[in-house]
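Here's a quick walk through this fold, going from single residues out to helices and sheet. Have the viewer open while you read.

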Amino acid sequence: MYAQSKQALGNIERVLQRAGAGMKDVVRTRIFVTDISRWEEAGRAHAEFFRDIRPCTTMVEVSKLISPEYLVEIEADAIIT
């Protein structure tokens, strides 16, 4: 879950950069996990990317994602001025 979280957050960071923004512009994230008992793995990756930014964050457990090997899905809302 940690590696998948890092990959998802890296994808988000790259999309933001292409839009002329960065992680500092993220105001909200939503983390969907298939096993909430592993929440600390996703949380650790999230903390590495956001450090002092602290967007509003929600984490929820879902029964499954689109593919059985997916353990986490992360969404981010950013305000770009």
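Ala 78 counts as partly exposed because its relative accessibility is 33%, which falls between the 20% and 50% cut-offs. That value, like everything here, comes from a predicted model. You'll find Ala 78 in strand 3. Skip its neighbours within four places in sequence, and Ala 78 is in contact with Leu 16, Asp 25, Val 26 and Val 27. His 46 is 32 residues away from Ala 78 along the chain, and the C-alpha atoms of the two are separated by 15 Å.

Now try Ser 5, over in helix 1. Is Ser 5 buried or exposed? With 0% relative accessibility, Ser 5 counts as buried. Here are the two side by side:

| Residue | Element | Relative accessibility | Contacts beyond four places in sequence |
|---|---|---|---|
| Ala 78 | strand 3 | 33% | Leu 16, Asp 25, Val 26, Val 27 |
| Ser 5 | helix 1 | 0% | Ala 42, Ala 45, Val 72, Ile 74 |

Nonpolar side chains tend to be buried together in soluble globular proteins. In this model the largest nonpolar core has 16 residues, and Leu 9, Met 23 and Ile 74 have the most contacts inside it. Helix 1, strand 1 (26-33), helix 2 and strand 3 (72-78) each give two or more residues to this core. As for Leu 9, its partners beyond four places in sequence are Met 23, Ala 45, His 46, Phe 49, Phe 50 and Ile 74.

On to the helix pair. The axes of helix 1 (residues 2-18) and helix 2 (residues 39-50) come within 8 Å, crossing at roughly 30°, and the crossing is right-handed. What does the contact of helix 1 with helix 2 have, by class? There are six nonpolar, three polar and five charged residues. Among them, helix 1 brings Tyr 2, Lys 6 and Glu 13, while helix 2 brings Arg 44, Glu 48 and Phe 50.

Three strands form an open sheet in the order 2-1-3, with mixed pairing. Strand 2 (56-61) and strand 3 are at the edges with a single partner strand each, so one side of each has no neighbour in the sheet. On average, neighbouring strands are turned by 10° against each other, direction ignored. Strands 1 and 2 pair in the parallel sense over six bridges, and Arg 30 stands opposite Thr 58 in strand 2. Helix 1 lies across strand 1 and strand 3, at about 25° to strand 3. Helix 2 also packs on the sheet, where it touches strand 1 and strand 2, and its direction makes about 160° with that of strand 1.

Conventions:
Residues are numbered from 1 along each chain as its sequence is written. This is a predicted model: local features need pLDDT of at least 70, side-chain atom pairs count only at pLDDT 80 or more; totals for chains, interfaces and linings use all residues. Side-chain values use heavy atoms; hydrogens and water are left out. Axes are lines fitted to C-alpha atoms, for helices over the stretch in contact, and angles run from 0 to 180 degrees between N-to-C directions. A crossing is left-handed if the near helix is turned anticlockwise from the far one by less than a right angle, and right-handed if clockwise. Contact means heavy atoms within 4.5 Å. Ala, Val, Leu, Ile, Met, Phe, Trp, Tyr, Cys and Pro count as nonpolar, Asp, Glu, Lys and Arg as charged, and the others, Gly among them, as polar. A nonpolar core is a set of buried Ala, Val, Leu, Ile, Met, Phe, Trp, Tyr and Cys residues joined through side-chain atoms within 4.5 Å. Buried means under 20% relative accessible area, exposed over 50%, partly exposed in between (1.4 Å probe, protein chains only). Two strands pair if DSSP finds at least two bridges between them.
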